[in-house]
Amino acid sequence: MRIRLRALAPLALWLLCLPLLAQDYVPPRDAWAEVAPSDAGFDPVRLAAAVDWAREHGEQTPADLRDALVASFGPREPGYRILGPVGTRGPANGMILRGGRIVAEWGDTRRPEMTFSVAKSTLSVVAGLAYDDGLLPDPGQRVASHVHGPWFEGAHNGAITWTHLLQQTSDWSGTLWDIHDWADRPEGDDPANRPLHAPGTRYKYNDVRVNLLALALLELQREPAPQVFKRRVMDPIGASPGWRWAGYDTSWITLDGLQMQSVSGGGHFGGGMVINTRDLARFGLLMQRDGVWNGQRLLSSDWITRSLTPSTMKTDYGYLWWLNTGRAAIPAAPEGAFWAAGFGGNHVYVDRTHDLVIVTRWTPDLAGVVTRVLEALERP
């Protein structure tokens with residue numbers, strides 16, 4: 001049966017063309033097509049209100065992120081100190097993509113800024129590249145079978161698998177880069193003498209253990225994560241040259257006769273990824289398109305599926321990605337939505353159902369932003 005496109009209402013025509021637009025358009029390096037909200041299926045007034053809400057609910061103080069970190073973690077973490085570089089933050093900014101094109105943009109989206117635990121999700125992708133290369137054929141294998149050294153010795157630490165590290169269920173016990181595992185978000189009256197939980201039986205958000213994953217991947221890949229990520233992901237997707245991924249002053253090792261820095265999976269103790277919003281939007285678009293960019297597969301669909309599979313111990317968490325399982329975190333969003341999240345309101349939200357990527361900087365309430373953006377979508 002032949003469809004007469006001229007007989008379709010404008011919205012219906014746009015919806016019909018959406019899959020083709022989403023598949024075909026790829027933003028070239030140093031350029032990005034924009035589309036009017038009404039042409040992208042949004043009510044312009046309601047979308048503008050959503051953007052205004054995101055901007056108005058942003059946090060800018062203290063601008064010096066060193067002060068923000070010390071105020072947040074110093075009073076409750078024994079011996080807390082900053083070990084890596086720390087910058088400042090500007091006003092709230094962000095982007096909304098539909099069909100890969102810019103529908104809305106606010107603030108300075110070209111200013112590189114700290115992203116904190118968004119770096120955990122990028123570290124998950126680096127692990128995926130090791131998986132795709134056959135260096136990590138089975139995430140269920142013990143890390144000790146690939147990485148030799150003191151970090152995974154003994155009955156407890158030796159039983160830890162790559163999956164445990166990726167899902168933050170390892171309960172690894174030890175000291176890394178002069179930080180005790182128990183000193184990061186300590187629990188109990190005597191955290192130094194905490195009881196150990198069998199790996200895989202308890203979730204605990206812990207930057208020390210994520211940093212251990214970064215070190216294990218460095219030992220496995222024999223190349224710093226920023227170099228792997230740049231060559232395999234950021235350069236192919238047309239990212240700017242301004243992003244950086246750092247570790248700590250204490251996280252240098254000698255590997256194959258070379259000095260290499262192991263990166264941090266966040267900015268909890270400083271360091272981590274410094275990147276602008278536009279580059280994060282490109283990264284989100286790669287994930288929204290299942291690891292394919294301009295017809296080239298950069299990350300396997302198999303790894304992405306594993307990354308977005310809920311952990312048994314925490315069903316709204318996968319391989320260092322946050323999930324909307326049961327639509328509990330963001331009821332207005334589809335269950336398949338997922339996102340990277342970092343301290344201070346840094347988010348990369350991916351919604352394949354609605355062909356959306358939303359990046360927010362310094363707006364902590366992601367659910368508030370996403371709900372208002374989805375409410376701005378026109379209904380046929």
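Select D64 to begin: this residue caps the N-terminal end of helix α3, with a side-chain oxygen 2.9 Å from the backbone nitrogen of R66. Such a pair is a polar contact, defined as N or O atoms within 3.5 Å; within protein, one must be able to donate a hydrogen and the other to accept it, and residues adjacent in sequence count only if both atoms are side-chain atoms. Helices (H or I, at least four residues) and strands (E, at least two) are DSSP runs, numbered from the N terminus.

The model is predicted, so local features need pLDDT of at least 70 and side-chain atom pairs count only at pLDDT 80 or more, while totals for chains, interfaces and linings use all residues. Residues are numbered from 1 along each chain as its sequence is written, and side-chain values use heavy atoms, with hydrogens and water left out.

Next, select residues 65-73, which form α3, and colour L65, A68, L69 and F73, which are buried. Buried means under 20% relative accessible area, exposed over 50%, and partly exposed in between (1.4 Å probe, protein chains only). The four residues lie on the same side of α3 because they cover an arc of only 100° around the axis; the arc is that of the directions from the helix axis to the C-beta atoms. An α-helix has 3.6 residues a turn, so residues three or four places apart point the same way. The buried residues of α3 pack against β3 (113-114).

Then move to P62, in the loop between α2 (44-56) and α3. A cis peptide bond joins T61 and P62, with omega about -5°.

Select W303 in helix α9 (residues 301-307). Is W303 buried or exposed? W303 counts as buried because its relative accessibility is 1%. Display the residues that W303 touches beyond four places in sequence, among them S124, G128, Y131 and Y319; contact means heavy atoms within 4.5 Å. A polar atom of the W303 side chain lies 3.1 Å from the backbone oxygen of S124. The C-alpha atoms of W303 and G128 are separated by 5.8 Å, although these residues are 175 residues apart along the chain.

Proceed to L320, in the loop between α9 and β11 (322-323). L320 is not a glycine, yet its phi is positive, at about 65°.

**The nonpolar core**

Which residues have the most contacts inside the largest nonpolar core? They are F152, F229, W245 and Y349, in a core of 119 residues. The largest share of this core, 10 residues, comes from helix α6 (residues 207-221). A nonpolar core is a set of buried Ala, Val, Leu, Ile, Met, Phe, Trp, Tyr and Cys residues joined through side-chain atoms within 4.5 Å. Leaving aside neighbours within four places in sequence, the contacts of Y349 include I330, F338, W339 and L374.

**T360**

Select T360 in strand β14 (residues 356-361). At 0% relative accessibility, T360 counts as buried. The backbone oxygen of G345 lies 3.4 Å from a polar atom of the T360 side chain.

**D171**

Finally, select D171, in the loop between α5 (162-167) and β4 (175-176). The phi of D171 is near 55°, a positive value in a residue other than glycine, and D171 counts as buried at 4% relative accessibility.
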